[in-house]
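Have a look at the model first.

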Amino acid sequence: MYSYFKDEQVSILSTEKVSHAFNDRWLFKEIHFAVQKGDRVALVGVNGTGKSTLLRILAEELQPQEGRVVKERGIQIGYLPQQPEFNYDQAIRDYIYSADDERQQLIREYDQLVDNQDFTSDNFHNLTAKLTHLDAWEYEQSFKQILGRFQIENLHQTIGTLSGGQRKRLALAKLLIDEPDVFILDEPTNHLDIETIEWLEKLLISKNRTVIVVSHDRYFLDQVCTEIRELDQGKIYNYRGNYAYFLEKKNERETMLIASADKARNLWRKELEWMRRQPQARGTKAKARIESFYDLEEKSKGPMAKEKLSLSVDMTRQGKKILELMGISFRTKNKEIISSFSYVFKKSDRIGLAGKNGSGKTTFLNLITGALPPSSGTVDLGETTRFGYYKQEGLQFNSQDRVIDIVKNVAEYIELKNGEQITASQLLTQFLFPPNKQFGLVEKLSGGEKKRLHLLRILMANPNFLILDEPSNDLDIDTLNVLEEFLEEFPGVLILVSHDRYLLDKLTDQLFIFTGSGDITIYNGNYADFKLEQEQSIKSVKESEPKNTAPEKTVSKKTLTYKEQIEFKDLGTEIEFLERSIEMHTYKLSETDDHLKLTELAKVIEELKNTLDKKTDRWLVLSEFA
């Protein structure tokens, strides 16, 4: 079941009666939030409940109005906000390498020497010796792997030249490189492609890392987190288990609370009659009953059963011709983004776009909506096709705009299939904007609430061809559930770009896979089908490969001996040294014209490569058991 407090153990980070308010409203009062080493906690709740505020308090980026944060002495906390702040004039290299981290500064010096091909300097040999002494070669490989994974290549580039998504990836890369004791992550999967998210999942669950994360990505939460904590109406509820377990127990808790509140309301009405009939002068028993009445009144303010509204929209009629793409291509001076792609859209198509960041998905959307002309080919739009295009840029509004005005500016109501009408206010309520928020200013909404309102505005225009570009970014899971229910009933064409694998699996039955080389592959099935087919294909290839029966590779044991552990550690250093030696001798080879020296250097390089191959083979054998 759920509980208010975590079991009492030694916490490395916790709050003591922390309270905080925003816009004259208490987000939470006297909450207790504690984590132990190795905990991986998901913090969930609807937008505007204070999740990001609580993360900022835990990261000591924000001082709570009441209470305090307590942490273990010497502990390092790494914090990734939704919108990281930067010095835009700073070079990426200066941001990535921490001045107070000796290993990072040595790696920086080493990279500069390699870039200058200065292998002969004394400084180069001194650096390699220091890196070996600090056991920093493995760290350097991890460092470079992280930068490569986040496509951070030009370290001389200034941060101001990056897009918003690139800056978020840069901040996450820096955090992973620094390896803090506690990772506090606010929507870390935003702006990541699916492959990178899957890599990040494996990284976070390794090495007994301590993680506190806010994320809308349910697959990510299931893979990474062992505990869900819900922030609901100023209280924390703990659920030990994955997200599916949380949903089950949350439903049980809410059912109990609703039943208890309904019972209290019935009793309160009876007691209210008694209160009205009583004279001013009351005895001791009457005073006790009065106190009980006020306690009952407080309990009666509990939750009420939520009404479900079925949104079966009577969308704009769609003709036979929807959209036809005939050999469309788009190229820049240096690269072909899309190469000769054709497709005829059909009624009720539900298509997911998949591919790495920068592979051409947004360009494709701009081509089909007419925002970009194709370099070649034709885009033929049906006369009755009406686009609804949700872009990542977000909602544009004036500071004095009210929430309800944003929706009413599009339409006062929408028509349902059964002939009934649903007003702008009713639709806002369905999308988790209660009446008190509907007449408030848009500028006072949280980032996630603004995204939710933007999405609602798109839907209110009653499109029959809906394009959603990363709709789940910054949306809470409750809102995503409402969106899913709406989209499952949506009768028009749907194109979905999302890194949220759960959303892709639930809402699409066909994929356009962008390879990054200009080609688009059409796959019939959702992302889970595609991933399973990929894994089976890889497994099939491995099983068909001839087995290596070399004696040293068929060791039937599970662990290394102490001697082998020492050998394995030394091999890493030797391999690194051999690689650097080959680089140095290859550089010398390109700098000399002496025939005898050329022959001698070529022979040395060949011997070094042979030795490297043997050492690498042995390292691979031992790594199976390390």
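Where is the place of serine 19? Serine 19 sits in strand β2, which spans residues 13–22. Helices (H or I, at least four residues) and strands (E, at least two) are DSSP runs here, numbered from the N terminus. A word on the source: this is a predicted model, where local features need pLDDT of at least 70 and side-chain atom pairs count only at pLDDT 80 or more, while totals for chains, interfaces and linings use all residues. Residues are numbered from 1 along each chain as its sequence is written, and side-chain values use heavy atoms, with hydrogens and water left out.

Is serine 19 buried or exposed? Serine 19 counts as buried because its relative accessibility is 0%; buried means under 20% relative accessible area, exposed over 50%, and partly exposed in between (1.4 Å probe, protein chains only). Setting aside residues up to four places away in sequence, serine 19 touches Trp26, Phe28, Lys29, Glu30, Pro64, Gln65 and Glu66. A contact means heavy atoms within 4.5 Å.

Now for the whole chain. It has 20 helices and 22 strands, and buried residues make up 46% of its 626 residues. Of the contacts with a separation of 6 or more, 69% are between residues 24 or more positions apart. The accessible surface comes to about 33,200 Å², and carbon and sulfur atoms hold 48% of that; these areas come from the Shrake-Rupley method with a 1.4 Å probe, and for residues only the protein chains shown count as cover.

On to a sheet. Six strands form an open sheet in the order β16-β19-β20-β14-β21-β22, with mixed pairing. Its edge strands, β16 (387–390) and β22 (520–524), each pair on one side only. Neighbouring strands in this sheet are turned by 15° against each other on average, direction ignored.

| Strand pair | Sense | Bridges | Facing residues |
|---|---|---|---|
| β19 and β20 | parallel | five | Leu468 and Leu496 |
| β14 (350–354) and β20 | parallel | four | Leu353 and Val497 |
| β21 (510–514) and β22 | antiparallel | five | Leu511 and Tyr523 |

Strand β20 (residues 493–497) is worth a look: five of its five residues are buried. Val493, Ile495 and Val497 are on one side, Leu494 and Leu496 on the other, and both faces are covered. Together with β19 and helix α16 (residues 477–489), β20 makes a right-handed β-α-β unit. Right-handed means that, with the strands pointing away from the viewer, the path from the first strand over the helix to the second runs clockwise. Helix α15 (residues 447–460) lies across β16 and β19 (465–469), and runs at about 170° to β16. For such angles, axes are lines fitted to C-alpha atoms (for helices over the stretch in contact), and values run from 0 to 180 degrees between N-to-C directions.

Last, the cores. In soluble globular proteins, nonpolar side chains tend to be buried together. A nonpolar core here is a set of buried Ala, Val, Leu, Ile, Met, Phe, Trp, Tyr and Cys residues joined through side-chain atoms within 4.5 Å. The largest one has 53 residues, and those with the most contacts inside it are Ile96, Phe150, Leu170, Leu176, Leu185 and Leu221. Helix α6 (residues 164–178) gives the most to this core, with seven residues. Apart from this core lies another, of 42 residues, among them Ile404, Leu466, Leu483 and Phe490.

Notes:
Two strands pair if DSSP finds at least two bridges between them.
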